[in-house]
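Reader: Hello! Could you take me on a close look at a single part of this protein, the open sheet, and then show me what surrounds that part?

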Amino acid sequence: MISLHDLTKIFPGGVRALDGIDLTVADGEFFALLGPSGCGKTTLLRTIAGLETPTSGKISINDTDVTALPPGNRDLAMVFQDYAIFPHMDVTTNIAYPLRIKKVPRAQRTAKAAEVAARLSLTELLHRRPAELSGGQQQRVALARAIACHPAAFLFDEPLSNLDARLRLEARTFLKRLQRELAVTTVFVTHDQAEALALADRIAVMSHGRMVQVGTPTEIFHRPATTFVASFIGSTPMNLLPARLAGAALHVAGATLPAPAGLTPADHLTYGVRPEYMDLSLTERPDAFPGVISVLENLGTHTLVTLETPGTLIQLVVPEGDEPPIGTPAWAVPRRALIYRDQTLHTP
């Protein structure tokens, strides 16, 4: 278990990279830190690892305060974005290196390297050097080196970002299966929301050194807590449309929709609906957004349709082959939507 209490990191010049982080990662949990570049996620990971010293706050691993401990005494294994495997060592020596640092006898560490390599399908590569390996193979070597020392937790800093699209999907499946088998607490940093949604048990979405929302992938996707999370999560961004309350109705982009309870005309309102949760109608409807189809983007089995409405653009997803031609008048019918008041999710 990893626990963080009021963790703050301020760099010279007053840059507040971490701002009062409180978090507990449970034993065996796969936890993702997600956010755009500069949000503080890598700084947080490096602070947990001991590579950065917090300005204030406390870090505990398995109920032991490690805030002042050097990295080597924290019983953690870190896999970096560039893998950081030694170019002059073969695969066996790279995997066994943490055991060498711990002064494990040569025969034992070689046997352990072979055992871990077999688990990751690296047996035939044990005598090769990194220059003779593909990106996916190098990634597995870095993982094998982390596994070999049986750490209390894994820390992954965007380990899949250097792989091409197909290898990344394969590595993602492999990594999730491996983590389940090992049942080791894992903290995974990524800027790729699809990666976080696919891998994590829970996700923390970060912005400007703070955790904006922490929850399961389902919670984060279906009920983003702020408009920032709503716009960041999803393979196609959520439509976020200015709304105005009048009586018992919301007026949004040319549509008149029922308003939830608890709103006032003075509220600054945003209507949020994902492209996947809208239907396309070629017949006029008062409860739908009117517009003209301006762009069609092929997504394979589906098509992303952009509807040009007065003052804004609305996107929705339709099955492949169901998209009308560009220039066709159409109405986007929302099926499931959220209301944000002052950029924060409104719960009636």
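Author: Happy to; what follows starts with the sheet and then widens to the rest of the chain.

Please keep in mind that this is a predicted model. The part you asked about is an open sheet built from six strands, and their order across the sheet is E13-E12-E11-E14-E20-E21. The pairing throughout this sheet is antiparallel. In general, strands of a sheet pair through backbone hydrogen bonds, and the pairing can be parallel or antiparallel.

Let's begin at the edges. Strand E13, residues 255-258, and strand E21, residues 344-345, each have a single partner strand, so one side of each is left without a neighbour in the sheet.

Strand E14 covers residues 269-273 and strand E20 covers residues 338-341. These two strands run antiparallel and are joined over four bridges.

For a neighbouring topic, have a look at the hairpin of E17 and E18. Here strand E17 (residues 302-309) and strand E18 (residues 312-319) are antiparallel and share eight bridges. One of the bridge pairs links His 302 with Pro 319 in E18. Two residues lie between the strands of this hairpin, and Gly 311 adopts a positive phi near 90°.

Now let's step back to the domains. The chain is divided into domain 1, residues 2-229, and domain 2, residues 232-345. Their centres, taken over C-alpha atoms, are 38 Å apart. The contact between them draws on 17 residues of domain 1 and 15 residues of domain 2.

Finally, here is the chain as a whole. Its secondary structure amounts to eight helices and 21 strands, and the C-alpha trace spans about 75 × 45 × 35 Å along its principal axes. Of the 348 residues, 49% are buried. Among contacts between residues at least 6 apart in sequence, 66% connect residues at least 24 apart.

The chain exposes about 16300 Å², with 53% of that supplied by carbon and sulfur atoms. There are 32 positive and 34 negative side chains, and 8 Å separates the centres of the two sets.

How values were computed
Residues numbered from 1 in each chain as written. Predicted model: local features only at pLDDT ≥ 70, side-chain atom pairs only at ≥ 80, totals over all residues. Heavy atoms only, no water. Pairing = 2+ DSSP bridges. Buried < 20%, exposed > 50% of the residue type's maximum accessible area, 1.4 Å probe, protein only. Contact = heavy atoms within 4.5 Å. Areas by Shrake-Rupley, 256 points an atom, 1.4 Å probe, with all protein chains shown as cover. Lys, Arg positive; Asp, Glu negative; His and termini not counted. Charge placed at Lys NZ, Arg CZ, Asp CG, Glu CD. Domains from an automatic or database assignment.
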